[in-house]
Amino acid sequence: MSVWNPDNIKDVAESLGIASLNDDVLSGLSMDIECRIREVLEEALKFVRHSKRTNLTTQDISQALKVLNVEPLYGYESNRPLRFGEASIGPGQPLFYVEDEEVDFEKLINAPLPKVPREISFTAHWLAVEGVQPSILQNPAAADSRNQDLVPKGPSANPNLAAISGADNVTVKPLVKHVLSKELQLYFTNVCSAILDENNEEYRVAALSSIRTDPGLHQLVPYFVQFIAEKVTHSLKNLFILAQTMQLTSALLDNKSFYVDPYIASVVPPVLTCLVGRRLGSSPDPLSHLPLRNIAAALLGSICKKYGKSSHTLKPRLARTCLKHFLDPTKPLGANYGGIIGLQAVGGSEVVRALILPNVKEYESLLREPWLDESSPKHAEADAVLTALVAALQALEDDSLGLMNGHANVPDEEQRRRLEEKVGSLVAERVFLMNRPRFVRAILDA
């Protein structure tokens, strides 16, 4: 027996012009209607459960009808609960209808007008300029963003672990604020492995060329800077890795699409390490580290030339560091060599005139003993340092070419004596043997 009342079916049939229906037909239609309604309700309840709700709405019924490929009902979409009223059209024939809200025209007319909506407009502001967020009203305050950065993040971050361990004030700051795409991560891994591949020069050249010219790698700049710092710190005995990190640094600086200014403070220390480090490499050849120091000096000069205007303290700090390693008697000759070529690269003839030339004679006392002893293991390095000193002093000649007119006379003994008094006998002899009068005059007049 069906729960659905057959009289309802008979009423619908009479409204459609069907005067009489057999009782068996009414019973069959009632059971079919009950089955259809149950099927619709089961589908609608699925939407309720997946939406994590407990109330069945008309929207759920409409969605269920769509799923069953049945034309949905119209006119029952409402955000408020519907109130149904009952009216009687005859004995035993109730009629249910939706009660409409009655509106009082007098109250509606006397009600205050709503506010005029604002016109649609657009405003623009800088979210970030070259990676730096400006302090404007539209952006969060620096203190708020700093506090937010210090909050542990990620699915495994538990803020209660610090309290459990007894360190309530310990906070973890993430290393980076952005997430790299899988393509960039794969590119970074392959480029780093190619740069350090000692057996495949083609891969190394291709990787450095890509970094030097590709404009879409700005997001990888801090990762490359960190990679350089780590490799220089942990590979001081491997000249190949140190040289490759300097080549990578040069490629980063050569790429015009990169904005490296915020990372200069992190780029300079690895370069200085390769320039004035105490012990670089493990080769028995005492001069094997000099090419690396020359590359680092050229990089240091490029950094000063490119970023010296934006940071007024960059050149003085670098010159002070190089001068300290040049004149420190406790440093090995390799560090002294790096200090000399570093000073020349940082400031050119001005630094040579102000910092190297006045200290050449004093430094000669440290250089004389290993240079004169040809059997000493330090003789080759001492000769390289002496050559670097003379090469640095040649910047004075290049600077004074425009100030000299006519032909200079051949250096005589008087000039040689004055030269020895100014720069010491070792440097004076090396300069005098070059037979360049303009060079001698430039040193004496400096």
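Colleague: What makes up the lining of the second largest pocket, by class?

Modeller: The lining has nine nonpolar, eight polar and nine charged residues. Ala, Val, Leu, Ile, Met, Phe, Trp, Tyr, Cys and Pro count as nonpolar, Asp, Glu, Lys and Arg as charged, and the others, Gly among them, as polar. The model is predicted: local features need pLDDT of at least 70 and side-chain atom pairs count only at pLDDT 80 or more, while totals for chains, interfaces and linings use all residues. Residues are numbered from 1 along each chain as its sequence is written, and side-chain values use heavy atoms, with hydrogens and water left out.

Colleague: What makes a residue part of that lining, and which residues lie nearest the centre of the second largest pocket?

Modeller: A lining residue has an atom within 4 Å of a pocket point; on a 1 Å grid over the protein atoms alone, a cavity is a set of points where a 1.4 Å probe fits but cannot get out, and a pocket is an open set with protein on both sides within 12 Å along at least five of seven lines. The second largest pocket is lined by 26 residues, and Arg279, Pro332, Leu333, Lys378 and Glu381 lie nearest its centre. The volume of the pocket is about 520 Å³, taken as the space filled by probe spheres set on grid points that are joined across faces, edges and corners.

Colleague: How do you know what counts as a helix or a strand, and how many of each are there in the protein chain?

Modeller: They are DSSP runs numbered from the N terminus, H or I over at least four residues for helices and E over at least two for strands. The protein chain comes to 20 helices and two strands.

Colleague: How many disulfides does the rule give?

Modeller: The count is zero, where a disulfide is a pair of cysteine sulfur atoms within 2.5 Å.

Colleague: Which members of the largest nonpolar core touch the most other members?

Modeller: Ile211, Phe224, Leu275, Ile303, Leu389, Val427 and Ile443 do, out of 87 residues. Helix α17 (residues 379-400) gives the most to this core, with 11 residues. Such a core is a set of buried Ala, Val, Leu, Ile, Met, Phe, Trp, Tyr and Cys residues joined through side-chain atoms within 4.5 Å.

Colleague: What does Phe224 touch?

Modeller: Leaving out residues up to four places away in sequence, Phe224 touches Tyr187, Phe188, Val191, Cys192, Ile211, Leu248 and Leu252. Contact means heavy atoms within 4.5 Å. In the protein chain, 62% of the contacts with a separation of 6 or more are between residues 24 or more positions apart.

Colleague: Why is Ala391 called partly exposed?

Modeller: Ala391, in helix α17, has 34% relative accessibility and therefore counts as partly exposed.

Colleague: Why are Thr245 and Asp60 called buried?

Modeller: Thr245 is at 1%, so it counts as buried; its place is in helix α10 (residues 239-254). Beyond four places in sequence, Thr245 is in contact with Ile228, Lys231 and Val232. Asp60 has 3%, so it is buried too. Asp60 is found in helix α3, and the residues it touches include Phe47 and Arg53.

Colleague: What stands out in the phi of Lys52 and of Asn69, and why are both called exposed?

Modeller: Phi of Lys52 is near 55°, a positive value in a residue other than glycine, and Asn69 has a positive phi of about 60° although it is not a glycine. Lys52 lies in the loop between α2 (23-50) and α3 (58-67), and Asn69 in the loop between α3 and β1 (84-88). Lys52 has a relative accessible area of 77%, so it is exposed. Asn69, at 72%, therefore counts as exposed.

Definitions and conventions
Buried means under 20% relative accessible area, exposed over 50%, partly exposed in between (1.4 Å probe, protein chains only).
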